[in-house]
Amino acid sequence: MLQISKLNAWYGASHALQDISLEVSRGEIVCLIGRNGAGKTTTLKSIMGLMGRTRGSVTFKGEELLRQPAHVRFALGLAYVPEERRIVQGLSVRENLRLGLVASKQKKREAELIEEIAVIFPRLAERMDQEAVTMSGGEQQMLAIARAMIAKPDLIMLDEPSEGIMPVLVDEMFELFRSMKAQGTTVLLVEQNVELALGIADRAYVLDQGSVVHQASAQALLADNEIKERYCSV
Ligand code: ATP
């Protein structure tokens with residue numbers, strides 16, 4: 001579904017990604033792991049069209065994306081939940097969810113889609129009319145994921161979803177990822193909590209200094225203490 005070949009990206013003169021190649025098949029959960037600064041966030045931003053200078057190839061459902069702006073990539077079925085959740089202050093949970101449909105073709109079915117997402121995210125269902133920023137960090141993270149899911153993307157990219165969230169909600173969130181996968185959503189996940197991520201992933205790529213240094217099934221990587229110690233600060 002997603003194929004990345006020799007992707008390079010720069011911040012000014014700094015060459016942040018060097019010849020990254022990876023792929024994600026329909027229905028998979030693929031995880032990117034590696035130390036701080038390895039290039040995980042930059043990879044997701046490059047896929048979504050949020051990096052200034054990039055070179056190489058990113059194809060999604062057979063279409064070359066690298067010269068396409070982010071909104072075209074969104075319309076093709078890509079979604080991205082950045083580490084900073086960007087929940088809008090002053091808006092309720094429901095209004096934040098509506099924002100997820102603003103650029104989507106499914107706006108007419110808004111009420112129906114909000115109902116559907118509320119079934120998947122019961123914590124949000126109870127808080128629809130509450131101001132979103134008054135919720136806990138974990139609940140806001142759930143909202144950011146729900147807002148990205150509401151337009152029914154084919155592939156959702158999640159950057160550090162467990163960051164700063166209390167353990168009970170992290171468990172709930174990862175259960176949710178399992179059920180998203182069971183319903184056919186494809187997930188590209190960046191996660192510092194390697195054991196947790198590999199517990200739900202099919203495959204993983206290890207990044208270091210802007211390059212892919214290892215790839216393996218999640219199961220094989222879980223058992224590979226040498227790689228985990230060398231590249232993942234666990
Ligand atoms: P983290 O978990 O810390 O976010 P990461 O693996 O996601 O790490 P990136 O954020 O992709 O890593 O960073 C890759 C490299 O690009 C690092 O060397 C980082 O310092 C650099 N970098 C990231 N953002 C910028 C920026 N806005 N301007 C310049 N350099 C940047």
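Reader: In what order do the 6 strands of the open sheet with mixed pairing stand?

Author: This is a predicted model, and the protein chain averages a pLDDT of 91. Strand 6 (78-81) and strand 10 stand at the edges of this sheet, each with a single partner strand, so one side of each is left without a neighbour in the sheet. Neighbouring strands are turned by 15 degrees against each other on average, direction ignored. Read across the sheet, the order is 6-7-8-3-9-10.

Reader: Which residue in the turn between strand 9 and strand 10 has a positive phi?

Author: Strand 9 (residues 203-208) and strand 10 (residues 211-217) run antiparallel and are joined by 6 bridges. Arg 203 stands opposite Ser 217, and Asp 208 stands opposite Ser 211. The two strands form a hairpin with 2 residues between them, and the turn residue with a positive phi of about 45 degrees is Gln 209.

Reader: Which residue takes a positive phi in the hairpin of strand 1 and strand 2?

Author: Within this pair of strands, Trp 10 stands opposite His 15 in strand 2. The hairpin has 2 residues between the strands, and the residue with a positive phi near 60 degrees is Gly 12.

Reader: Is helix 6 roughly parallel or roughly antiparallel to helix 7?

Author: The axes of helix 6 (residues 137-149) and helix 7 (residues 167-182) come within 10 Å and cross at roughly 15 degrees. Angles under 35 degrees count as roughly parallel. That crossing angle therefore makes the relation of helix 6 to helix 7 roughly parallel.

Reader: How many nonpolar residues are there in the contact of helix 6 with helix 7?

Author: Helix 6 contributes residues including Met 142 and Ile 145, which meet residues of helix 7, among them Leu 176 and Phe 177. Of the residues in this contact, 2 are polar and 2 are charged, and the number of nonpolar residues is 8.

Reader: How far apart are the axes of helix 3 and helix 6?

Author: Two packed helices are described by the angle between their axes and the distance between the axes. Helix 3 (residues 93-102) packs against helix 6 at an angle of about 35 degrees, and the crossing is right-handed. The axes are 7 Å apart.

Reader: At what angle does helix 7 run to strand 8?

Author: Helix 6 lies across strand 6 and strand 7 (155-159). Helix 7 lies across strand 3 (29-33), strand 7 and strand 8 (186-190), and its angle to strand 8 is about 150 degrees.

Notes:
Residues are numbered from 1 along each chain as its sequence is written. This is a predicted model: local features need pLDDT of at least 70, side-chain atom pairs count only at pLDDT 80 or more; totals for chains, interfaces and linings use all residues. Side-chain values use heavy atoms; hydrogens and water are left out. Axes are lines fitted to C-alpha atoms, for helices over the stretch in contact, and angles run from 0 to 180 degrees between N-to-C directions. Helices (H or I, at least four residues) and strands (E, at least two) are DSSP runs, numbered from the N terminus. Angles under 35 degrees count as roughly parallel, over 145 as roughly antiparallel, 65 to 115 as roughly perpendicular and the rest as oblique. Contact means heavy atoms within 4.5 Å. Ala, Val, Leu, Ile, Met, Phe, Trp, Tyr, Cys and Pro count as nonpolar, Asp, Glu, Lys and Arg as charged, and the others, Gly among them, as polar. pLDDT is the predictor's confidence in each residue, from 0 to 100. Two strands pair if DSSP finds at least two bridges between them. A crossing is left-handed if the near helix is turned anticlockwise from the far one by less than a right angle, and right-handed if clockwise.
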